[in-house]
Amino acid sequence: MKDHLLTTVTSTRIRLARNVAKYPFPKKLKKAQADEIISAVGSALSGLDDFTRYDMNKMSDGDAVLLQERHLISPALVRNKLFGTAFISTDTDEKKKIEKNISVMVNEEDHLREQSIIRGFELGRAYEQIAVVDEQLSNYLEFAYDEKLGYLTACPSNLGTGMRASVMMFLPALTHYKKIDELITGLKAGGMTVRGVFGEGSLAEGFVYQVSNERTLGVSEEEILEQTSEVAMHLCEMELRNREKMRDEAGVRLKDECFRAYGVLTNSALLSQKEFTEKMAKIKLGIALGYLKTNDMWEINRFIEDMRPASFTLKNCKTGASEEEIEFLRASVTHQVLPELAECVY
């Protein structure tokens with residue numbers, strides 16, 4: 001099951017929604033009030049790891065989208081050019097394959113959206129990391145809290161713990177057999193939800209879905225972690241069974257699809273973002289089924305993230321590059337990198 005988790009769970013996120021007492025919610029904030037909250041958050045975080053401040057009104061659209069692609073800020077924060085700010089701390093241990101991404105979004109839907117993102121299936125560790133940040137902030141700020149309702153939030157769905165525990169999952173087989181809609185209905189009845197890569201309203205690019213708790217009121221943080229973990233493990237088991245079914249039913253045709261995807265990615269002259277995403281999903285499926293091999297699934301997923309539009313163009317393309325030039329460069333980079341990460345098993 002451990003190997004299967006590596007090919008199914010991409011990352012884990014814990015997010016906490018908090019508001020500062022005696023201030024109106026962000027939609028009713030005045031500029032001076034918003035600045036006071038931002039300043040207080042910055043002072044509080046100065047006592048922890050190095051956090052970099054990003055003001056949405058001072059960032060280019062490209063830089064803001066880059067942070068969004070890395071899930072460090074939300075589309076809602078990007079749109080809040082007047083009051084939106086993020087404090088971000090990142091750290092990577094290449095040898096241990098551990099990456100820590102902590103961000104505190106200020107003046108999004110709530111005054112604070114604190115989140116910790118870790119690669120792999122690490123709900124407990126992600127919660128421990130963000131709990132340290134939350135405690136530090138609570139020492140400086142008085143959070144809006146009610147004995148019966150818990151943390152008070154702009155949206156009633158976040159009342160209580162204000163916590164969302166999310167697991168990003170690669171589910172090609174469940175998608176193939178059209179079981180996702182059925183799962184969404186069943187999970188919703190149990191207080192869980194399934195969304196696309198970038199949350200509510202987004203698409204499941206490359207068969208990747210975000211599975212998280214929907215209920216936050218009347219349950220503890222420990223109960224949310226336990227339920228989300230159980231659901232994620234159950235989905236992993238379902239995905240494994242359906243991958244085996246796919247392999248048995250399709251036979252060599254499925255292996256051929258994965259090999260052809262590898263061939264296109266390593267030999268094309270032009271490569272669109274859409275085609276790259278679709279073909280890399282086939283590569284990941286091929287690895288999961290043993291048709292291709294890799295020494296590092298962690299690097300495969302990071303490569304896919306690095307090839308997202310904003311991340312790729314900012315790093316590889318000159319200003320004003322045409323779409324054809326970008327597609328040519330995307331193909332060239334893929335030719336160089338993919339053979340180092342994966343190979344076909346004949």
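Me: Why are helix 2 and helix 5 called oblique to each other?

Reply: Helix 2 (residues 31-45) and helix 5 (residues 123-140) pack at an angle of about 120°, with their axes 9 Å apart. Angles under 35 degrees count as roughly parallel, over 145 as roughly antiparallel, 65 to 115 as roughly perpendicular and the rest as oblique; helix 2 and helix 5 are therefore oblique. The model is predicted: local features need pLDDT of at least 70 and side-chain atom pairs pLDDT 80 or more, while totals for chains, interfaces and linings use all residues. Residues are numbered from 1 along each chain, and side-chain values use heavy atoms, without hydrogens and water.

Me: Which residues make the contact between helix 2 and helix 5?

Reply: Helix 2 contributes Val41, Ser43, Ala44 and Leu45, and helix 5 contributes Val133, Gln136, Leu137 and Tyr140, where contact means heavy atoms within 4.5 Å. These residues divide into 6 nonpolar, 2 polar and no charged.

Me: Why is Arg243 called buried?

Reply: Arg243, which lies in helix 8 (residues 221-250), has a relative accessible area of 2%. Buried means under 20%, exposed over 50% and partly exposed in between, with a 1.4 Å probe and protein chains only; Arg243 is therefore buried.

How values were computed:
Axes fitted to C-alpha atoms, helices over the stretch in contact; angles between N-to-C directions. Helix = DSSP H or I, 4+ residues; strand = E, 2+ residues; numbered from the N terminus. Nonpolar A, V, L, I, M, F, W, Y, C, P; charged D, E, K, R; others polar.
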